[in-house]
Amino acid sequence: MSTVALAGPGTFLGSSIGKKVVMAVTGLMLFGFVLGHMAGNLQVYLPHPEEAMRSYALFLHGFLHGAGIWVARLGLLAAAALHIWAATSLTIQNKEARPVGYRQWVGWESTYASRTMRWSGVILLSFIIFHLLHLTTGQVHPQFEDMNPYRNLVTGFQQLPVSIFYILSMVLLGMHLAHGVWSMLQTLGLSHPRYKKLAQKAAVAFASLVVLGNISFPIAVLAGILK
Ligand code: HEM
C-alpha cells in the first residue's frame, strides 16, 4: 500500500485530527516508557544498587529468550518515528493553511512550552542519540563496562559537562511533556472547561515528577551520594 493511500488527502491519517490522534497515542507510549524507565533507574537508591541494576538489565535482556527487548525497542522506534512524522506533517499543514502569518503576534494565547515544542523535540532527539551512545553502547563513555548499568551511570555522571547536559535535557523534556500531556488530553476529548484546570495541573505534575526523578541521578552522583 502506498503512503498516499495511507496518509493522502481524504484519509484519516491525512487529516489533521488523524495526525493529532497519532501524536497523542504515540506520545502516550513514549511517556509510558519514560515513566517506566525512570522507575527502573530509581533502583540506584536501593541498598545494593549495583546488583539490583545488573539483575534488572539481565532480566530485560533475557526476557522472552532475548526477543522481548527487541520487540520493545522496535515498538519504541516505531512510536518515535510516527510521533515525529505526525509533528512534521502537522507543521507543514499549518503553514500551508496560513502561509502569510499573523499581522499581530498572538503569542499570549500560547504558553512558552507550546511555542517551543518543535525545537525542544529536536534537541530531545539529539539527547536520546547521545544517551544511547553513552549508557547503552558506550561509544561516548570514558569507562564503559558491559552489563554494569550502575557503574556506567556513576562514572558517566562524574563528568560535570555530561551531567549538566543531562540536567538541561531533562528540564526540556519536562516542558515538552507538560505541554504534550496537556495537548493529548485535549485531543482525546478532555477539554471540557470544568476539567481544563485539572488537566493542566495533572500535566504539570506528571512532567515535574519525571524531571525531578531523572535529575536526581546526576545530582546524587555529583553530590557523592551515589558512588
Ligand atoms: C537521567 C536520566 C536517565 C538515566 C540515568 C538513564 C539511564 C539509562 C541506562 C543506565 C541505560 C542502559 C540500560 C542497560 O543497558 O541495561 C539506559 C538506556 C536507555 N534509555 Fe535512559 N536514562 C535516563 C533518561 C532517559 C530518557 C529521558 C529517555 C528517553 C526520552 C531514555 C531512553 C533510553 C533508551 C531508549 C535506552 C535504551 C534501552 C535499550 O534499548 O536497551 N533515557 N538509560
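I take buried to mean under 20% relative accessible area, exposed over 50%, and partly exposed in between (1.4 Å probe, protein chains only). Helices are DSSP runs of H or I of at least four residues, strands are runs of E of at least two, and both are numbered from the N terminus.

**Ground rules.** I am reading a predicted model, where local features need pLDDT of at least 70, side-chain atom pairs count only at pLDDT 80 or more, and totals for chains, interfaces and linings use all residues. Residues are numbered from 1 along each chain as its sequence is written, and side-chain values use heavy atoms, with hydrogens and water left out.

**Whole chain.** I looked up the elements and found 9 helices and 0 strands in the protein chain. Of its 227 residues, 33% count as buried. I then turned to contacts (heavy atoms within 4.5 Å). Among those with a separation of 6 or more, 68% join residues 24 or more positions apart.

**Helix α3.** I checked its length against the expected span (1.5 Å times one less than the number of residues). The 14 residues of α3 (residues 49–62) should span 20 Å, and the end C-alpha atoms are 20 Å apart, which agrees. Next I looked for buried residues in α3 and noted P49, A52, M53 and A57. They lie on the same side of α3, because they cover an arc of only 130° around the axis. That arc is taken from the directions from the helix axis to the C-beta atoms. An α-helix has 3.6 residues a turn, so residues three or four places apart point the same way. The buried residues of α3 pack against α2 (16–41) and α7 (149–157). Just after α3, L64 has a positive phi of about 50°.

I searched for donors (N, O and S atoms within 2.8 Å of the metal, or 3.2 Å for Na, K and Ca; water is not among the atoms, so sites may look incomplete). H37 (NE2) and H131 (NE2) coordinate the iron atom of the ligand at 2.0 Å. H37 sits in helix α2 and H131 in helix α6 (residues 117–136), so the pair ties together parts that are 94 residues apart in sequence. H37 is partly exposed, at a relative accessible area of 33%. H131 is buried, at 17%.

**Helix α8.** I repeated the length check here. The 28 residues of α8 (residues 160–187) should span 40 Å, and the end C-alpha atoms are 40 Å apart, which agrees. G189 follows α8, with a positive phi near 95°.
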